[in-house]
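Please find below my notes on the model under review. They are set out as numbered points, by region.

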Amino acid sequence: MIRIVVDSSSDYQLEEIREKKLDLVTIAITIGEKQYVDGVDLDRNQFYEILEETGEFPKTAQPSPQQFLDVFLDAKEKGDEVVCITLSSALSGTYQSALLAKDMAEYEPIYVVDSRTATCNIKVLADYARKLADDGHSAGEIAEQVEGLKSRVKVVAALDTLEYLSRGGRLSRTAAALGDMAGLKPLITITEAGEVSVLGKALGKNKAISNSLRHLEKLKIDEAFPIYSIYSYGTENCERFEENLESKGIHPAKRLQIGATIGAHIGPEAFGIIFVEQGI
């Protein structure tokens, strides 16, 4: 059997993890004095509500090598092959933890893939891996295919506020305050190096939507893969964005909610799109 392993930055719901027979390694999140397990005892809406109420910036603790090792040793005992897809190494040490666990397991059919991305982008990769496994491919073949796909999985998102970029140290408090006063709405993406990057800033929500669409016009979407609209907390902005996407002939298969790993940096009322770009 092929085991597909993800960490909780992939933003799967627990029901999906069970339904798709994935293995989940969890990430701990500390907000103030309290620690939570992402996606287990902290649901998405609750997370954003705590962010708004406390003003605290969450701290995430990468999974320990032992957490991955427990999964890998269980696979070794059962003779299963493993494809493990982790949060971007540019954002976390999760990938390194998985590599250490692989060495400790002393079991060859374990393939660890640095997704170089985060949130629902990882879901696109893991769903693809699950499909390949169900079609009879080996773990090595699946890892190779996922490595080839990961640079084509794109996200474009618009933020409602600069406050959370400031809380996370990606923007000064003064710049964030001035930007919010001016109604600036930043557009962000995840680069091929796996880092969160600001594409630009728009004046107001309508401009943010039109600038997002203008950026999409430069890219060719591979319709062999699902397109997802995404949001953080509060769906009104996302619904307006979806209407504009539909008018351009872009039809999201589903609306997905962004979890804590990226959500901490973007805050509520963010919206965007995830898709796979056509290969060269």
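1. Basis. This is a predicted model, in which local features need pLDDT of at least 70, side-chain atom pairs count only at pLDDT 80 or more, and totals for chains, interfaces and linings use all residues. Residues are numbered from 1 along each chain as its sequence is written, and side-chain values use heavy atoms, with hydrogens and water left out.

2. Four strands make up an open sheet with parallel pairing, in the order 2-1-6-7; helices (H or I, at least four residues) and strands (E, at least two) are DSSP runs numbered from the N terminus, and two strands pair if DSSP finds at least two bridges between them. Strand 2 (23-25) and strand 7 (110-114) are the edge strands, each pairing on one side only. From one strand to the next the twist averages 20°. Five bridges link strand 6 (residues 81-86) and strand 7 in the parallel sense, and Cys 84 has Val 112 of strand 7 as its bridge partner.

3. Helix 5 (residues 120-134) lies across strand 1 (2-7) and strand 6, at about 175° to strand 1. Helix 6 (residues 139-149) lies across strand 1, strand 6 and strand 7, and runs at about 5° to strand 7. Axes are lines fitted to C-alpha atoms, for helices over the stretch in contact, and angles run from 0 to 180 degrees between N-to-C directions.

4. Six strands form an open sheet of mixed pairing, ordered 10-9-8-13-11-12. Strand 10 (196-203) and strand 12 (254-257) stand at the edges with a single partner strand each, so one side of each is left without a neighbour in the sheet. Here the twist averages 25° from one strand to the next. Strand 9 (residues 184-190) pairs with strand 10 in the antiparallel sense over seven bridges; Leu 184 has Leu 203 in strand 10 as its bridge partner. Helix 10 (residues 236-247) packs on this sheet, touching strand 11 (228-231), strand 12 and strand 13 (271-276), and its direction makes about 45° with that of strand 13. Contact means heavy atoms within 4.5 Å.

5. The hairpin. Strand 3 (residues 28-31) and strand 4 (residues 34-37) run antiparallel and are joined by four bridges, with Ile 31 opposite Lys 34 of strand 4. Two residues separate these strands in the hairpin, and Gly 32 in the turn has a positive phi of about 65°. Strand 3 is also joined to strand 5 (residues 59-61) by three bridges, again antiparallel; Ala 28 has Ala 61 in strand 5 as its bridge partner.

6. A helix pair. Helix 3 (residues 65-78) packs against helix 4 (residues 94-105) at an angle of about 40°, with the axes 8 Å apart. The two helices are therefore oblique to each other (angles under 35 degrees count as roughly parallel, over 145 as roughly antiparallel, 65 to 115 as roughly perpendicular and the rest as oblique).
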